[in-house]
Amino acid sequence: MFSFRVLQRLTEGEGQRLKSTHSIMSISPSRSILLVGEGNFSFSASASQLYSETETSLTATCLQHQEDALRHEGAADNIKIVKDSGGAVLFEVDCTKLGECASLQGRVFDRVVFNFPHCGRKSGVKKNRNLLKNFFLSCVQVLSEDGEVHVGLCNGQGGTPADHPQREWHNSWQVAAMAAEAHLILSDVRPFESEKYRSYKCTGYRSQDKGFHVEKGLLHVFTRSLPYTPAQVLKVEEAVEGDRVQYNIPAELSNYINRGFLCSGSVHPVRLVQDFLLKGLAEKWSVSMTTETIPFLLTTKQLQTCCDIDSTHCYWIHLLQKDLISDTNTSTDKEKDCLIFLDSQGRTDTQDSLSATRVTSDKVDRVRSKGAESLRSACSLDVDPEGESGLYMLRPSLLPQMEKLLTKKEQLINNAGSHGDNEGNNKSVEVEGHKKEGPHGGCNGVTSLLFGISGLVFKNVTVNLWALPAFHELLLRGVFPSECEPVKLLGQRLETLLTPYGVSLVAEQGGLRLMAQPMGCVGKVLASIASDKISNVSVTVSLNLDLLAVLLFSLPDWRLLWSHDPRFLQHFALHSSPGKPFHPFSLFPEHFSFDISFWTGPTWEEKKFHALIREASHGTVEQVKLIDTFSHPDLSQTSYCYRLIYHSNTHALSHTKALQFHKDLESFLTSRLQVTIR
């Protein structure tokens, strides 16, 4: 059983983004234009004259027979202008059946234009919505892959926050939602420039020669959305603590693997934020980042030695295979730390790759996967500390690898130091290209070095607006003399860098917490007594690069960071400096709310439910709320009712598509968790 509601929201920043989008959105001159729904052809004539000195070809069409069309005032003259300019005029073309038009067979257009559509006579909003939906479904059949659809509407009709005043949702034409049915996204809204087309005379109001009010009209520009891609079964092979292991990445995490956001030369905002932070810190301290590849998998022993992580937030992994690596195939000499310094621009060569990890994939059967059980991420209730299932997890933090790398680095320094003692102890220590320098950001003549590592980490969290199942962590570690108050110094530097973007520092026992609205905690600074000297303090800085990227570039949604749409990265190739707001390529996407209720057995593992939500919805569910529960007194069953909100800033999400995802979720719950849908 389910019900749905349509929700619409406008954040305070969307209005400003809309205004700025009008000026920065550049629509390239089209090579071929199709005009549909023409009346007296006055717009076609104006457009023909406007593009007369370009290579643009124009095809104007109308629904009426030629004899009826010529009855419109000025139609004959306008048609002659179009033809004299090299354009074509077609009659009896139904804009909701463009794929069936014989004259358009085999042709595609860079732009399809429908100005002030109307069903005719006194039709209501539902009929006009249906007209728009059928037009969008039709026009994509003749639209080029990178083409645009232009729809001019009177102010208030579209139902978007661009309308002033904005109508109630149920009383609008819901143009963005109708376009989403054809997998189109609203990429721009700007004033309809009627003065640009001087001879344009709008007609067709209630099927008459009377015109619409175009003075405050809006032009809505739509482009294609990328299709949704099914989840993949990713089989990973890597070396973990002397063993060669194989395992499957949980299906709901497949989109986060091997994306390369932190690779050298990347313009992804996660990399840009990391470079911004490291450059700012390098002004005060020497910063060294490692480029050594580290496995995704951790053992329980590794985590317990240095981290206090809630096991219920771990992705526990069941191994497919484990083999002992022979001494002849591996050597610590082959696993060197690669340490480099920041260059003058603060950039590093940190790799976000799996050069030591093999990844293969197979498509997931969305509903009837026989291997469904192996795809489900285990939660704390599955953990058997004595069994293999409780031994391995996807890394929830980089701290264990940091500890291992620092231990290895210390051994290299000690080895180099012992050689130096034999030579009179008069040579500087050099480790992998890092040579000790004079005091820089230290205290009392003691050099302070921040050693860093960054990469992807995983948290098995419930679906929430700001709950990230995978994100990039930047981890920095340094040892300072305690009298320097290093936590305070690092906090002040981070405050200088991040306060302009809404980050504040909150003191807590043992360190600082970096907070921001609305996401909450975006980082921590923690101090502990260094193991070598009581007078020294070891300081660890952990930063969530994904949430910081959302803040520094004013992203409306963290899920945009994982978009495959090339338009996302194109923005940052041109605007790479933090503080320059991101301009969405999908404006005003709709929210859809569906309820789902079901019976479960005596035990209910909610984490598995949320994992299936992420997989079935392709990550489009942004909020899950428990509405009601009921325990049957006789059957040992419990009924749960949840409300799911679907919303996407990366893909076109229509009511039809959201409903399909919701149906998939029902099938997943039935087949994998053995619940009974109510």
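A search of the whole structure, which is a predicted model, finds 26 aromatic pairs. One of them joins Phe568 and Phe572 in an edge-to-face arrangement. The largest nonpolar core holds 83 residues, and a second, separate core holds 39.

**Aromatic rings**

- The rings of Phe568 and Phe572 lie 5.0 Å apart, centre to centre, with 65° between their planes. The pair counts as edge-to-face because the angle between the planes is over 60 degrees.
- Phe568 and Phe572 both belong to helix H13 (residues 566–574), and because they are four residues apart there, about one helical turn separates them.
- Phe568 is buried, with a relative accessible area of 0%, and Phe572 is likewise buried at 0% relative accessibility.
- Ring pairs also link Phe598, Trp604, Phe609, Tyr640 and Tyr642 into a cluster.
- The ring of Phe668 has the charged end of Arg672 sitting over it, 4.3 Å from the ring centre.

**Nonpolar cores**

- Within the largest nonpolar core, of 83 residues, the members that touch the most other members are Tyr247, Leu277, Leu297, Leu394, Phe458, Val522 and Leu548.
- Helix H12 (residues 545–552) gives the most to this core, contributing seven residues.
- The second, separate core has 39 residues, among them Phe109, Leu132, Ala177 and Met178.
- Leu297 has contacts beyond its neighbours within four places in sequence, including Glu238, Val240, Val245 and Tyr247. Further contacts of Leu297 include Gln302, Ile317, Leu319, Tyr392, Met393 and Leu394.

**Polar and charged side chains**

- His150 is part of strand E6 (residues 143–153). Its relative accessibility is 4%, so His150 counts as buried.
- A polar contact of 3.0 Å connects the side chain of His150 with the side chain of Glu148.
- Ser266 is located in the loop between strand E10 (243–249) and helix H7 (269–282). Ser266 counts as buried because its relative accessibility is 13%, under the 20% limit.
- The side chain of Ser266 reaches two backbone atoms: the oxygen of Phe261 at 2.8 Å and the nitrogen of His268 at 3.0 Å.
- Glu403 is placed in helix H10 (residues 399–422). With a relative accessible area of 28%, Glu403 is partly exposed.
- Glu403 and Arg477 are 74 residues apart in sequence, while their C-alpha atoms are 9.5 Å apart in space.

**Cis peptide bonds**

- The peptide bond from His164 to Pro165 is cis, with omega near 0°. Pro165 lies in the loop between E6 and helix H6 (175–180).
- Gln517 and Pro518 are also joined by a cis peptide bond, with omega about 5°. Pro518 is found in the loop between strand E22 (511–516) and strand E23 (520–529).

- Gln174 is not a glycine, yet it has a positive phi of about 50°. Gln174 lies in the loop between E6 and H6, and at 11% relative accessibility it counts as buried.
- Glu241, also not a glycine, has a positive phi of about 50°. Its place is the loop between strand E9 (232–240) and E10, and at 45% relative accessibility Glu241 counts as partly exposed.

How values were computed:
Residues are numbered from 1 along each chain as its sequence is written. This is a predicted model: local features need pLDDT of at least 70, side-chain atom pairs count only at pLDDT 80 or more; totals for chains, interfaces and linings use all residues. Side-chain values use heavy atoms; hydrogens and water are left out. Helices (H or I, at least four residues) and strands (E, at least two) are DSSP runs, numbered from the N terminus. Buried means under 20% relative accessible area, exposed over 50%, partly exposed in between (1.4 Å probe, protein chains only). A polar contact is a pair of N or O atoms within 3.5 Å; within protein, one must be able to donate a hydrogen and the other to accept it, and residues adjacent in sequence count only if both atoms are side-chain atoms. A nonpolar core is a set of buried Ala, Val, Leu, Ile, Met, Phe, Trp, Tyr and Cys residues joined through side-chain atoms within 4.5 Å. Contact means heavy atoms within 4.5 Å. Rings of Phe, Tyr and Trp (its six-membered ring) pair if their centres lie within 6.5 Å; planes under 30 degrees apart count as stacked, over 60 as edge-to-face and the rest as tilted. A charge sits over a ring if NZ of Lys or CZ of Arg is within 6 Å of the ring centre and within 35 degrees of the ring normal.
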